[in-house]
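I keep these notes for a reader who is new to the structure. Each entry says what I looked up and what came out.

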Amino acid sequence: MSFVLGGLVAVIAGNARHWRWVNAPAFRIAHLVAIAVIAAEAWCGVVCPLTTLEMWLRTRAGAPTYRGSFIEHWLQRLLYYDAPPWVFLAGYTLFAAFVVALWWRFPPRFQRRSERPGF
């Protein structure tokens, strides 16, 4: 999740400061795929596999488990707000739409083969 949030900040700040690496195709594609997976899981009602693994490990260790997703659980604890699942679905979807909008506003810089070093 920190890659998704930090990546968004990096794309915006990096374009404001003319950092070339923030528009590298590998970085931008990885960032887009990461938020797409999160949004797709929310739309399909699938809990993140890492959350499932965490719950299984907590159960095996005899530790208490929680209901919902990892992010939902910790946001509720931080904010002391019990949000229904649709709030998180809407948030993930809006965040994904914002990432897609940044592709249009700050497009990745694909280099032609003749522009690559060593060619």
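**Entry 1. Charged pairs.** I looked for salt bridges, taking one as a side-chain nitrogen of Lys or Arg within 4 Å of a carboxyl oxygen of Asp or Glu. The side chains of Glu 54 and Arg 58 form one, at 3.0 Å from N to O. By this rule the count is one salt bridge. Side chains of opposite charge can pair when their charged atoms come close. Both Glu 54 and Arg 58 belong to helix α3 (residues 49-61), where they sit four residues apart, about one turn of the helix. I took helices (H or I, at least four residues) and strands (E, at least two) as DSSP runs, numbered from the N terminus.

I then checked the cover of the two residues. Buried means under 20% relative accessible area, exposed means over 50%, and partly exposed is in between (1.4 Å probe, protein chains only). Glu 54 counts as buried because its relative accessibility is 19%. Arg 58 has a relative accessible area of 25%, so Arg 58 is partly exposed.

**Entry 2. Source and limits.** The model is predicted: local features need pLDDT of at least 70, side-chain atom pairs count only at pLDDT 80 or more, and totals for chains, interfaces and linings use all residues. Residues are numbered from 1 along each chain as its sequence is written, and side-chain values use heavy atoms, with hydrogens and water left out.

**Entry 3. Overall layout.** I noted five helices and zero strands in the chain. Read from the N terminus, the order of elements is α-α-α-α-α. The chain has 119 residues, and 28% of them count as buried. For contacts (heavy atoms within 4.5 Å), I looked at residues at least 6 apart in sequence: 55% of these contacts join residues at least 24 apart. Accessible areas come from the Shrake-Rupley method with a 1.4 Å probe, and for residues only the protein chains shown count as cover. The accessible surface of the chain is about 8,600 Å², with 69% belonging to carbon and sulfur atoms.

**Entry 4. Aromatic rings.** I counted rings of Phe, Tyr and Trp (its six-membered ring) as a pair if their centres lie within 6.5 Å; planes under 30 degrees apart are stacked, over 60 edge-to-face, and the rest tilted. The whole structure holds three aromatic pairs. One of them is Phe 3 with Phe 27, edge-to-face, at 5.8 Å centre to centre and 85° between the planes. This pair links distant parts of the chain, with Phe 3 in helix α1 (residues 2-16) and Phe 27 in helix α2, 24 residues apart. Phe 3 is partly exposed at 35% relative accessible area, whereas Phe 27 is buried at 16%. The rings of Trp 21 and Phe 27 are also edge-to-face, because their centres are 5.4 Å apart and their planes lie at 70°. Trp 21 is partly exposed, with a relative accessible area of 46%. Ring pairs join Phe 3, Trp 19, Trp 21 and Phe 27 into a cluster.

**Entry 5. The nonpolar core.** I took a core as a set of buried Ala, Val, Leu, Ile, Met, Phe, Trp, Tyr and Cys residues joined through side-chain atoms within 4.5 Å. Which residues touch the most other members of the largest nonpolar core? Ile 35 and Phe 95 do, in a core of 17 residues. Helices α1, α2 and α5 (85-105) each supply at least two residues of this core, and α5 gives the most, with six residues. Neighbours within four places in sequence aside, Ile 35 is in contact with Val 4, Tyr 92, Phe 95, Ala 96 and Val 99.

**Entry 6. Other residues of helix α2.** Val 33 lies in helix α2 (residues 25-44) and is partly exposed at 46% relative accessible area. With Ile 29, Val 37 and Phe 110, Val 33 makes a nonpolar surface patch of about 370 Å². Patches are made of residues with over 30% relative accessible area and no salt bridge: like charges are joined within 9 Å, nonpolar side chains (Val, Leu, Ile, Met, Phe, Trp, Tyr) within 5 Å.

Is Glu 41 buried or exposed? Glu 41, also found in helix α2, counts as buried at 17% relative accessibility. Cys 44 of helix α2 is exposed, with a relative accessible area of 60%.
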